[in-house]
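Here is a protein chain to walk through by question and answer.

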Amino acid sequence: MSSTVNSSNDHDDNHVQDQESITFPLLRRERSPINSSSQVAIVGSYVCPIESLDYEIAENDFFKQDWRTRGKAYIFQYIFMKWSLCFLIGLIVGLIGFFNNLAVENIAGIKFVVTSNMMLASKYGFAFLVFSVSNLVLTLLAAIITAFIAPTATGSGIPEVKAYLNGVDAPGILSFRTMIVKIVGSIFAVSSSLLIGKAGPMVHTGACVASLLGQGGSSKYGLTWKWLRFFKNDRDRRDLVTCGSAAGIAASFRAPVGGLLFALEEMASWWRSALLWRAFFTTAIVAILLRALIDVCLSGKCGLFGKGGLIMYDAYSANISYHLVDLPPVLILGIVGGILGSFYNFLLEKLLRVYNLINEKGVAYKIFLALSISIFTSCLLFGLPWFAKCLPCPSDTSEQCPTIGRSGNYKKFQCPPGHYNDLASLIFNTNDDAIKNLFSSGTDSEFQYSSIIIFFITCFFLSILSYGIVAPAGLFVPVIVTGASYGRFVGMLVGHHTSLNHGLYAVLGAASLLGGSMRMTVSLCVIILELTNNLLLLPLIMLVLLVSKTVADAFNGNIYDLIMKAKGFPYLETHAEPYMRQLTVADVVTGPLQFFHGIEKVGNVVHVLKTTRHNGFPVIDEHPVSEKPVLYGLILRAHLLTLLKKKAFLTTPEPVGVEAFTQFSAVDFAKRGSGNFDNIEDIHLSLEEMELFLDLHPFTNASPYTVVETMSLAKALVLFREVALRHLLVIPKTSGRSPVVGILTRHDFMPVHILGLHPLLVRSRWKRLRVRFPQILRFF
């Protein structure tokens with residue numbers, strides 16, 4: 001065993017002392033300039049070490065021998081199981097999505113019915129007590145199970161899944177415990193009248209289902225059927241998790257094509273045609289299942305679910321005509337939506353930093369914060385309709401007025417007979433019903449200006465306040481509600497100067513705020529079309545999304561990227577920063593580098609594994625195996641642990657032949673499921689065994705990706721991300737030196753690390769920004 005300098009690794013203990021980076025990842029924009037391999041991020045409510053996933057196939061001699069022994073039957077089993085798991089993912093996620101909606105509609109429905117009945121009986125004090133206490137209890141249940149059982153279920157879950165698909169392995173984010181808490185906690189939290197959604201948690205739930213199905217069985221529960229073992233690797237699990245995230249959106253909005261495009265545009269960092277087909281098949285299963293289950297509910301067998309608060313609003317079945325004169329207000333809608341969306345992201349990012357200060361003090365503070373938000377929300381939602389003017393019921397409405405029961409456009413609240421409270425019609429409903437009311441056509445005279453603007457301001461700020469609490473919470477539906485109210489208000493301002501009705505402006509407003517906040521175009525366009533069930537809206541929605549995204553991009557990033565950055569996930573962007581072209585890979589690799597000889601003493605291997613947290617080690621052949629030092633390949637930490645555990649030792653330092661393969665099977669080197677891994681501390685060897693030898697050649701990836709030390713950092717980043725690497729070896733430009741200069745890992749491409757090593761780049765970068773955007777920088 002030898003060592004040299006100029007290396008970066010995936011997990012190093014040399015700079016664990018950097019307590020500032022461990023304790024305050026959410027509070028500081030920059031971490032230590034030293035690239036600590038002990039990279040950390042906020043996972044749930046805890047600071048956890050972060051590692052990368054092994055998407056690259058290790059093509060060693062053992063792998064090649066195992067692959068040669070596989071026949072057509074094995075290939076058939078592999079393909080059959082992958083399609084079967086996609087079917088199961090669609091089936092399970094569809095069922096979860098339906099029963100989530102069923103539970104929310106019935107729990108929230110009972111609460112609203114009891115409150116409305118007391119309001120009709122003029123028992124306003126009891127009505128407020130029932131409303132606020134039920135909200136408090138539901139929030140308390142969601143907060144308790146999240147804080148004590150699975151803090152990783154906090155929030156949307158989309159940033160965590162997006163980071164996973166980028167190659168970031170955050171502890172516990174796809175575990176069975178997280179999935180259960182995500183489902184149950186989301187039901188309680190959404191039913192508690194907090195302005196949060198269930199789409200984000202459904203994406204996380206779908207990813208959890210896919211990951212658990214792809215873990216290859218479990219010896220703990222006796223699931224050891226050999227057909228389940230095909231996907232014990234990160235590459236296949238990544239594909240399944242991508243299908244699961246697509247199924248989550250499809251189950252949330254009954255938008256199968258939108259879910260597929262969402263996974264392609266926002267979630268997946270790598271995509272291929274085979275994955276496209278499987279994801280499409282998965283979302284199709286979700287759509288078919290939901291359609292069948294909703295048909296059952298139409299017969300009245302689902303309690304207060306009614307016609308299905310699920311998902312499709314069918315806002316416009318009639319033809320829509322619009323002309324060039326209608327485009328200016330639509331363009332204004334997109335511009336203002338982009339500004340509002342970027343401001344929404346800015347406020348949410350700042351609030352999350354404040355919430356982190358509270359949450360890090362302990363579980364009691366987290367729960368107290370959640371309960372405080374619940375009480376404030378209940379008081380606001382119950383009190384605001386009292387300021388709205390009662391309106392007489394329209395004579396030409398097809399709906400009952402005032403509405404008796406849970407949902408409807410005409411809530412009576414405190415109004416006299418024959419009148420309704422338009423603000424209560426929006427507030428005293430589930431988010432789905434509020435969206436339906438705003439999207440509804442033929443209701444241009446239903447809402448007052450004051451009610452719509454109050455509802456917009458309330459939704460805008462309550463959705464920001466509610467997101468950071470210790471409970472599953474999504475952003476999709478709150479942004480849709482907020483954008484729809486803003487769009488409806490613009491439609492009311494335009495009035496008779498346009499041929500578009502107010503409900504259509506609400507749809508376009510929702511699209512503009514979604515584009516301004518989430519910065520997606522294609523997937524959001526299709527999701528909204530599937531929500532409204534009218535293809536005639538396509539040109540207007542495309543225009544609004546393009547304008548709002550373009551405007552918002554001038555201010556900050558999309559909301560999920562900002563949350564990932566705040567949590568500390570080392571996410572690799574698709575593009576390289578301009579300053580990366582000024583640097584070579586040799587400028588960022590740091591040391592020390594640990595490597596092994598092709599035949600290494602067991603004691604040296606154990607010592608290196610115990611004293612470092614590297615996950616990849618170069619294997620170098622020297623005399624007498626080779627005339628001069630030469631790079632043989634790269635061996636993974638997990639494979640070394642397997643060799644030590646199996647005690648595949650040699651008494652003399654001589655190469656072994658094919659007989660080395662007889663001691664192992666492919667299962668021995670397969671990667672276990674989430675949270676299951678070997679530790680060097682669990683392997684106990686005698687002093688005699690420590691003096692024996694290991695031949696690493698058969699188990700070393702002899703064809704690792706390498707770059708010359710003079711390659712630009714930008715070019716190396718493109719290779720690293722496009723090929724989905726974990727380690728990238730840097731070799732010298734000239735001979736006569738060590739065959740390896742260092743190893744590039746994900747953390748070496750992080751801006752914080754690069755700018756920390758080269759602080760002059762920070763000054764030049766800031767100087768260019770001051771020249772280009774002086775007004776914006778002065779504002780912030």
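Q: Between which two helices does the loop with Asn233 lie?
A: This is a predicted model. In it, Asn233 sits in a loop.

Q: Is Asn233 buried, partly exposed or exposed?
A: The relative accessible area of Asn233 is 25%. Buried would need under 20%, and exposed over 50%. Asn233 is therefore partly exposed.

Q: Which helix end does Asn233 cap?
A: A side-chain oxygen of Asn233 lies 3.2 Å from the backbone nitrogen of Arg235. The side chain of Asn233 also reaches the backbone nitrogen of Asp236, at 2.9 Å. The capped end is the N-terminal end of H8.

Q: How far apart in space are Asn233 and Tyr55, C-alpha to C-alpha?
A: In sequence, Asn233 and Tyr55 are 178 residues apart. In space, their C-alpha atoms are separated by 7.8 Å.

Q: What span does H8 reach from its first C-alpha to its last?
A: H8 has 20 residues. At 1.5 Å a residue, 28 Å is expected. The model comes close to that, at 29 Å.

Q: Why is H8 described as largely enclosed by the rest of the structure?
A: Burial is counted residue by residue, with a cut-off of under 20% relative accessible area. H8 has 20 residues. H8 is largely enclosed because the buried ones number 19 of the 20.

Q: How many residues of H7 are buried?
A: H7 covers residues 199–213 and reaches 21 Å, close to the 21 Å expected. The rest of the structure largely encloses H7. Of its 15 residues, the buried ones number 13.

Q: Which residue of S10 stands opposite Phe596?
A: Strand S8 spans residues 593–597, and five of the five are buried. S8 pairs with S10 (residues 616–621) in the parallel sense over two bridges. Opposite Phe596 stands Val619.

Q: Which strands stand at the edges of the open sheet of three strands?
A: The sheet has the order S13-S14-S15, with mixed pairing. An edge strand has a single partner strand, so one side is left without a neighbour in the sheet. The edge strands are S13 (706–708) and S15 (742–744).

Q: What angle does the direction of H24 make with that of S14?
A: H24 (residues 713–722) packs on the sheet. It touches S13, S14 and S15. The angle with S14 is about 145°.

Q: What share of the residues scores a pLDDT of at least 70?
A: The protein chain averages a pLDDT of 83. Over residues 1–38 the pLDDT stays under 50. Residues 769–780 are also below 50. The share at 70 or above is 86%.

Q: What share of the protein chain counts as buried?
A: The chain holds 27 helices and 15 strands. It has 780 residues. The buried share is 57%.

Notes: Residues numbered from 1 in each chain as written. Predicted model: local features only at pLDDT ≥ 70, side-chain atom pairs only at ≥ 80, totals over all residues. Heavy atoms only, no water. pLDDT = per-residue confidence, 0-100. Contact = heavy atoms within 4.5 Å. Helix = DSSP H or I, 4+ residues; strand = E, 2+ residues; numbered from the N terminus. Expected span 1.5 Å × (residues − 1). Buried < 20%, exposed > 50% of the residue type's maximum accessible area, 1.4 Å probe, protein only. Pairing = 2+ DSSP bridges. Axes fitted to C-alpha atoms, helices over the stretch in contact; angles between N-to-C directions. Polar contact = N/O pair within 3.5 Å; in protein donor to acceptor, adjacent residues only side chain to side chain.
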